[in-house]
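Here are a few notes to read with the structure open beside you. Take the points one at a time and find each residue as you go.

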Amino acid sequence: MAEKEVELENKGGGGRKWMIIILLVIAVLLAGGGGAAAWYLLSQDADETAEDLPPERHYSSLDPMTVNIDAPGSVQFLRVQIGLVSTDPAVLEAVEDHLPVVRNDILGILSDQEYTELNTREGKEALTEELTATVRAILESREAPSDLERVVFTELVMQ
């Protein structure tokens with residue numbers, strides 16, 4: 001009889017071992033599947049984030065320029081310092097290569113300005129748009145990279 005009892009205990013213990021092994025296999029599969037799903041979702045977010053980022057901008061600054069302007073009273077001079085913004089550093093290098101022509105054309109535009117127009121925000125914005133178009137045209141006429149994003153004022157003083 002003692003042998004029968006031992007045999008029953010061994011049979012019951014073997015079922016438990018199989019149950020534990022099956023549960024461990026299921027746990028490993030679930031953990032692996034969860035890890036794979038997390039990796040997939042995180043890699044998708046990283047790709048979308050990289051696509052959402054704006055392109056890197058590069059900046060350059062021209063030396064200050066002073067011109068005579070048509071203004072009432074004691075205001076007779078306009079002093080500006082101009083910054084250039086582009087996503088392509090080759091554009092800024094091209095501006096440096098053609099700097100004498102760029103400065104000449106900018107000085108011509110600045111000397112045509114009137115105090116009453118330039119004293120408003122809209123006048124300043126219109127001037128930056130005109131300067132941006134002028135610099136682009138200079139670069140295009142010399143077959144240089146011309147993807148200039150915009151011209152900005154880093155200093156503008158009327159005196």
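**Notes on a helix pair and the salt bridges**

1. Let's begin with how two helices cross: α3 passes α5 in a right-handed crossing. Please keep in mind that you are looking at a predicted model.

2. Two packed helices are described by the angle between their axes and the distance between the axes. Here, helix α3 covers residues 99-111 and helix α5 covers residues 121-141. They pack at an angle of about 150°, and their axes are 10 Å apart. An angle over 145 degrees counts as roughly antiparallel, so α3 is roughly antiparallel to α5.

3. Which residues of α3 and α5 meet? On the α3 side, look for V101, V102, D105, I106, I109 and L110. Their partners in α5 are L127, E130, L131, T134, V135 and I138. Sorted by type, the residues of this contact of α3 with α5 comprise 9 nonpolar, 1 polar and 2 charged.

4. Now to the salt bridges: how many does a search of the whole structure find? The search finds 3. The next points take them in turn.

5. E149 and R57 form a salt bridge, with their closest N and O atoms 2.9 Å apart. This pair links distant parts of the chain, as the two residues are 92 residues apart. E149 sits in strand β4 (residues 148-158), while R57 is in the loop between α1 (2-52) and β1 (58-61).

6. R79 and E155 meet through their side chains in another salt bridge, at 3.0 Å from N to O. Here too, distant parts of the chain are linked: R79 belongs to strand β3 (residues 77-86) and E155 to strand β4, 76 residues apart. R79 counts as partly exposed because its relative accessibility is 34%. For E155 the value is 25%, which again counts as partly exposed.

7. R121 forms a salt bridge with E125, and the closest N and O atoms are 3.2 Å apart. Where do these two residues lie? Both are in helix α5, 4 residues apart, about one turn of the helix. The cut-off for exposed is over 50% relative accessible area, so R121 counts as exposed at 64%. E125, at 39%, is partly exposed.

Conventions. Residues numbered from 1 in each chain as written. Predicted model: local features only at pLDDT ≥ 70, side-chain atom pairs only at ≥ 80, totals over all residues. Heavy atoms only, no water. Axes fitted to C-alpha atoms, helices over the stretch in contact; angles between N-to-C directions. Parallel < 35°, antiparallel > 145°, perpendicular 65-115°, else oblique. Left-handed = near helix turned anticlockwise from the far one by under 90°. Contact = heavy atoms within 4.5 Å. Nonpolar A, V, L, I, M, F, W, Y, C, P; charged D, E, K, R; others polar. Salt bridge = Lys/Arg side-chain N within 4 Å of Asp/Glu carboxyl O. Buried < 20%, exposed > 50% of the residue type's maximum accessible area, 1.4 Å probe, protein only.
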